[in-house]
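Subject: Handing over the structure

Hello,

Here is the structure I promised to pass on. Please open it first, then read my notes below.

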Amino acid sequence: TIVAGSGVVYTGILPSNINAVIVLDGAGGRYVGVLSDFTVQGTLATPGNYETQKVDLGIVSIGSVSDFKMENVSVLTANFGWYFPVIFASTITNNRVTQCLPGSGIENGTSLTYTSNYANNCRDVGHYIRDLKYSEISSNACDFLNDPGKYPTRTRTCSAYILRSLVGCSVTNNGDENTYGRSYSLISLD
């Protein structure tokens, strides 16, 4: 487990101290690179209890990410599968997130290709995408989100896709199956 400093603070979803398996560190600049063909394994505080986790994120970036590619990566039993606060001119494709709370998260981006990613057995949301511009979101899938038998204490509504404040984006051919809650939550699209 990599712990990236106590001074890293984001608004919104992230805690003030990042507890992650992989940290892409572009603090003060940009992270440019490729992640491909490996599995990230988180650690549950209690096996079977998906509400208390030791690992907040599987993969997280600090600073901006650009000209980046992530493909054929699997994240298991973390909180977020992957989380990119700022990402642009990049490709996230053919990745899988399993048994996490939220699956994937993107907070702000431009010219991003987000295709063929699969969220399975997540609790809160499969794909959370906010403030994305001129990007492609296609051929992604969700399966078995918020299963009432698997998460009996669940009180909130799960969403396979939360798409918020998108401008000039193409959203096509995305699928959702066996989700107990909303398939799509669409907010402020242009």
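A salt bridge here is a side-chain nitrogen of Lys or Arg within 4 Å of a carboxyl oxygen of Asp or Glu. Keep in mind that this is a predicted model.

**Salt bridges**

How many salt bridges does a search of the whole structure find? The search gives four.

Start with Arg130 and Glu107. Their closest N and O atoms are 2.5 Å apart, and the two residues form a salt bridge. This pair links distant parts of the chain, 23 residues apart. Arg130 sits in strand S14, while Glu107 sits in the loop between S10 and strand S11 (109–110). Glu107 counts as buried, because its relative accessibility is 7%. Arg130 is partly exposed, with a relative accessible area of 24%.

Arg130 also meets Asp131 in a salt bridge, at 3.7 Å from N to O. Asp131 is partly exposed at 27%. Shared partners join Glu107, Arg130 and Asp131 into one network.

Next, Lys69 and Glu71. Their side chains meet in a salt bridge too, at 3.5 Å from N to O. Lys69 is partly exposed at 33% relative accessibility, and Glu71 is partly exposed at 21%.

**Strand S14 and its neighbours**

Is S14 mostly covered or mostly open? S14 is mostly covered, with five of its six residues buried. S14 pairs with strand S10 (residues 102–106) in the parallel sense, over four bridges. In that pairing, Gly105 stands opposite Tyr128 of S14. S14 also pairs with S18 in the parallel sense, here over five bridges. There, Val125 stands opposite Ser159 in S18.

**The largest pocket**

The largest pocket has a volume of about 160 Å³. Which residues lie nearest its centre? They are Pro102, Asp124, Val125, Tyr128 and Ile162, out of 11 lining residues. Strands S14 (125–130), S18 (158–164) and S21 (181–187) each supply at least two residues of the lining. By class, the lining has six nonpolar, three polar and two charged residues.

**Cysteines**

A disulfide is a covalent bond between the sulfur atoms of two cysteines. The cut-off used for the count is 2.5 Å between the sulfurs. By this rule the count comes to zero. Cys122 is in no disulfide, and the nearest cysteine sulfur, that of Cys100, is 5.3 Å away. Cys122 is buried at 0% relative accessibility. Cys142 is buried as well, with a relative accessible area of 3%.

Asp37 has a phi near 60°, a positive value in a residue other than glycine. Asp37 is found in strand S3 (residues 34–41). Asp37 counts as exposed, because its relative accessibility is 55%.

Asn72 has a phi near 55°, again positive in a residue other than glycine. Asn72 lies in strand S5 (residues 69–76). Asn72 is partly exposed, with a relative accessible area of 30%.

Best wishes

Definitions and conventions:
Residues are numbered from 1 along each chain as its sequence is written. This is a predicted model: local features need pLDDT of at least 70, side-chain atom pairs count only at pLDDT 80 or more; totals for chains, interfaces and linings use all residues. Side-chain values use heavy atoms; hydrogens and water are left out. On a 1 Å grid over the protein atoms alone, a cavity is a set of points where a 1.4 Å probe fits but cannot get out, and a pocket is an open set with protein on both sides within 12 Å along at least five of seven lines; lining residues have an atom within 4 Å of a point. Grid points are joined across faces, edges and corners, and a volume is the space filled by probe spheres set on the points. Ala, Val, Leu, Ile, Met, Phe, Trp, Tyr, Cys and Pro count as nonpolar, Asp, Glu, Lys and Arg as charged, and the others, Gly among them, as polar. Buried means under 20% relative accessible area, exposed over 50%, partly exposed in between (1.4 Å probe, protein chains only). Two strands pair if DSSP finds at least two bridges between them.
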